[in-house]
Each structure stands twice: as structure tokens, then as C-alpha cells.
Amino acid sequence: MKYLEAFRDGDLARRLAAAIAAEVDEHRGYRLMEFCGGHTHTLARYGLERLLPDNVEMIHGPGCPVCVLPSGRIELAIDLARRPEVMLCSYGDMLRVPGKNGATLMKARATGADVRMIYSTLDALKIARAHPDRDVVFFAIGFETTTPPTAVAIKEAQRLGLNNFTVLCNHVLTPAAMAGILGTPAEQAIHVDGFVGPGHVSTVIGSRPFERFARDDGYPVVITGFEPLDILQAIRQLIRQLNDGRAELENEYSRVVSRDGNQKAQALMAEVFELRDTFEWRGLGSLPRSALKLRAEFADFDAEQRFAVQIESIPDHKACECAAVLRGAKRPEQCKVFAMVCTPDNPLGSCMVSSEGACAAHYRYGRFADRKTAQATT
Ligand code: SF4
């Protein structure tokens, strides 16, 4: 724990917060979006927002992979799971994300669908080898961080000649989502001054793909890690850039992230996947070239082709504000059903499922502070 504890030091955190407070310009505001759900979780868990001056506002971004998958894709997985020949495998959180009319993979399992919770892509391969008479579908989700393991599983299935294994691919791309946030139509656009850039994703793709947001679009970006001191340091660097009128890509997470990233993982992804023309995101709508599909050479392992599926666009529950939360246009507590109808035990929307979801993080760590604030102002 040596390397974690050092980045969780309370005294250092308070000193960094004091340094931030000394550096902010009281005549302006600072609206900083943390892209990653992991950063959102750390902000909530350590109460970092309460250490910041009032004119520094953190805006939660769309970087939770479970949250951004739209209902239509969840519904597609449920439809596949209900086929008698199919065993559908996915990570635990995906089993609880609501699709149409509150349907989930967990509920489908309760009514007889064969849905398996797995911890790694290789678990899905093991299941496929153990059940040669069944069609094992791996419901794959995630940003660039989880894409290489899916590529490994597909290549391994090809090597083993596993013809009962396919992947329902929902891997999405972070830079495209950041571009989507910046390209939001004027009527829905939110004001952002700078970005706390993704840490895990950058270990794979490097910091280079984020340089264009500083160079071409004029937004400071600081890539950072997931410990409280990492995030406070990134906030301080962003504030300094904004005070200086600079827009640069800075890498606070240099102990893990390089400019070019993990080239072996990138080569593996490029070998197995190619860009989709467009992909629907919850909250951001259809974004061009923002997701991956299997290359033609791996078509035998593509569940969309094996089962000739149709993908429908399905609106969220009408009380659900996940789309606005994912765009940074609303905070979790501004959704009318937050902590009332929608809780982690009974999620109405996707942002309440994963620990990286803004609503789940705020429910777990921040909702009592909301009450205190409300009581203090009444
Ligand atoms: S509280 Fe629930 S329904 Fe509302 S935005 Fe959050 S996850 Fe969606």
C-alpha cells in the first residue's frame, strides 16, 4: 500500500487545497470536467469538492462505461440471453443496468435466461470450452482500458477453434466522447473551462490523443491518477493554466502514462477491431467513429453477425435524468428520483449502478452533505 497511502495523505491534501485557494482568481469561475468515472468516485469518496473554493466547480463527465451504454444495447443483450441456445456472459454491473421498462439481465436470469456473471474475458472462454453445445456470447463493454482483454479473448478463441464463442462488442472511445461533449448542440451545451483527463485510458492510448483538445480547441487538459492528491494536483495545474491563459496537455500521471501509451495493446486492438461509422451513447446521442466493431477477419466471433441482430434506439425512463448527468448538464441530486425511487438497490437509471456512476458515487458518499446544505440554507 506504500504507493497508495502516499497519495492519500490528509495533511498534504489540506495543504494542496490551501494552495489552490491561494491561487484562484476570485473574480472568475472555474468549471472543470473530470471525464473518468474513477475520478468522480474519488472526488465523492474523499469529499474533495468540499475542499475547493466556491468558484471551482467540478462537472462529472461521461467516463463511466456502464453508464454510457444506451438502453437499446442493454435490450439487445437481454433479447440474446433469452434465446434458448445462448449463454450470455458479462461483468456484474452490466447485469443490473435497466433497459426497456426496467428490464435487466438479472431479471431475465430470474425468469430462465442463462446469464453468467464473469470477472474476466478468459472466464467467458472457459465457459465456452466447458459447454461446446451452447452459444456463449460475451457482452463486452468499456473504454480503451478493457478493449485489449477482449481482443485477447477473440484471438484465443480463434486459436482454439472455438466456434461457439462470440462477442457482442460495445467498446467505446474516449477522445470521441470528449469531442462529443465539446460538439454538443448549442441548446444543450454546457460551459467547461478545462478537463481532468482520463488516467486508465491514457495508460493504453497515451496522452497524445488528448493534445488536440488543448492545441485545436483551446481547453487545458491535465491527465491524472485516481488518488486524492493526484486529483487535487490536476485541479491546481488546470487553475494555473487558466490563470495564465494557457491551453496545454499536461500529464500529472507520468508514473504510469506516457505520450505514446502501450503500443502492444494498441496493435492488438487495431488487429482485431475497426471503427464503427457511428454509435449511440446514452446522453451524448450518436457520435461518429466513437466505437469499435470486429474486423471482417474475426466475423465468426461477432455476435451481431452470428445472430443477425437489429439494434433499436430506446428512450430512457421519463423520470430519468441520466442523459443530462452524463453530459454534465445536471448533478445527481438534481434528478427528482435521486435517492427516492432510484437507489443502488433499485436503480432506475444507469448512473446509479456502477461505483463509477455519478449518481451511485453521490448516493454513497455525498447525499448527507446535500441535506446539511439544504438545512443550512432554510
Ligand atoms: S438518480 Fe437515477 S434516474 Fe436519476 S439521473 Fe441518477 S441514475 Fe438516472
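I began with strand 3 (residues 86-90) and strand 5 (residues 135-142), which pair in the parallel sense over 4 bridges. Strands pair if DSSP finds at least two bridges between them; helices (H or I, at least four residues) and strands (E, at least two) are DSSP runs, numbered from the N terminus. Val 86 stands opposite Asp 135 in strand 5.

I noted that this is a predicted model, where local features need pLDDT of at least 70, side-chain atom pairs count only at pLDDT 80 or more, and totals for chains, interfaces and linings use all residues. Residues are numbered from 1 along each chain as its sequence is written, and side-chain values use heavy atoms, without hydrogens and water.

The open sheet has 4 strands in the order 4-3-5-6, with parallel pairing. Strand 4 (115-117) and strand 6 (165-171) are at the edges with a single partner strand each, so one side of each has no neighbour in the sheet. The twist averages 25° from one strand to the next; axes are lines fitted to C-alpha atoms, for helices over the stretch in contact, and angles run from 0 to 180 degrees between N-to-C directions.

I looked up a second open sheet, with 5 strands in the order 2-1-7-8-9 and parallel pairing. Strand 7 (residues 194-197) pairs with strand 8 (residues 221-223) over 3 bridges, in the parallel sense. Val 196 has Val 222 as its bridge partner in strand 8.
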